[in-house]
Amino acid sequence: MSAFPRPRIVVSRCLGFAACRYDGGIIHDPVVSALRPHVEFIPVCPEVESGLGVPRPPVRLVRDPELRLVQPDTGRDWTAAMQAFIAQFFSELGEVDGFILKNRSPSCALRDAKVYASAAKGPAVGQGPGLFGGAVRARFPDLPAEDEGRLTNKALREHFFTAIFALAAFREAARAGEVGELVRFHTRYKFLLMAQSQAKLKELGRLVAQAARGPAAEAFARYGALFRAAWLRPPRRPSVINALEHAFGYVSEGLRPEERRYFLDLLRDYRAGRVPSSVPREILRSWALRFGAEYLAEQAFFQPFPPELLLPLDSGKGEG
Ligand code: SF4
């Protein structure tokens, strides 16, 4: 079992946990299955928990003019029941590190549920988040949230994994409640943060430098807010190159000229999109180990999530 802290992730229950879809179905999702040994899942089916049975006539989103959750076959409006469930669920949830929700669902979707003009037959007039998915985005705007469809994309998936394991590691460090732990945590995440955003890394560094001047709880709270915001978007290639170049600076002196040239060629290939970032990253890691560069070898940048989660699945968009 991995030494990584277990992220707490809310997941749509139909993604492998129960046959709770409107037609009595269940979806066996390979990404959710791979995560199971590494993550503490909190499965939820907002429709069943709002009182809809299994199987059930489907519900749909209607703009009237507010969004409503209606069941055309029965004429029932489930909006109030769903909203009551959401309020209850959030009040009992506790700390979480992210969400994996079912796409296109009028309840769970984060962005792509069909929206209709009325309960009557007719084409969709738009799309948007479902009632539960929308409430998640409003309540937890700085937590990673993805649907199972987008997680088939390798770059989005690996960024999501990076973010949830980083947030779980931060929660663990915050539990210790000591400034020294915050310093150790920040040191270990330096290159990973640099690959996300040099500006955020600098701001976080400033917070760590000031941390000893006030209460530790306040330092963790301020650092946590900024740290969560650092993962909202996948890293851009120039930022990753910047981090790779910085890491290279720690080992380059000990390398032979042809090894240096080889690495710079790899960076050029990564810049051109011909190799994934994992190739130069793994080589740097092997050099960090060879030269006993402990500070570098221990960077979360080299192993941001359990390696068992490097899945071959890719919808084809490639690395960003
Ligand atoms: S999509 Fe959401 S509401 Fe629909 S069955 Fe799955 S968990 Fe339940």
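In the predicted model, an open sheet is built from four strands that follow the order 2-1-6-9, with parallel pairing. The edge positions are taken by strand 2 (40-44) and strand 9 (145-147); each of these has a single partner strand, so one side of each is left without a neighbour in the sheet. Direction ignored, neighbouring strands of this sheet are turned against each other by 20° on average.

Within this arrangement, strand 1 (residues 8-12) and strand 6 (residues 98-101) run parallel and are joined by three bridges. At the level of individual residues, V11 has I100 in strand 6 as its bridge partner. Strands of a sheet pair through backbone hydrogen bonds, in either a parallel or an antiparallel manner.

The surroundings of A117 were also examined. This residue is located in the loop that connects strand 7 (113-116) with strand 8 (126-128). A117 is classed as partly exposed because 13 C-beta neighbours lie inside 10 Å, a count between the limits of 12 or fewer for exposed residues and 20 or more for buried ones. When neighbours within four places in sequence are left aside, the contacts of A117 are R63, G122 and V125. A separation of 7.3 Å is found between the C-alpha atoms of A117 and D64, two residues that are 53 residues apart along the chain.

Definitions and conventions
Residues numbered from 1 in each chain as written. Predicted model: local features only at pLDDT ≥ 70, side-chain atom pairs only at ≥ 80, totals over all residues. Helix = DSSP H or I, 4+ residues; strand = E, 2+ residues; numbered from the N terminus. Contact = placed C-beta atoms within 7 Å. Pairing = 2+ DSSP bridges. Axes fitted to C-alpha atoms, helices over the stretch in contact; angles between N-to-C directions.
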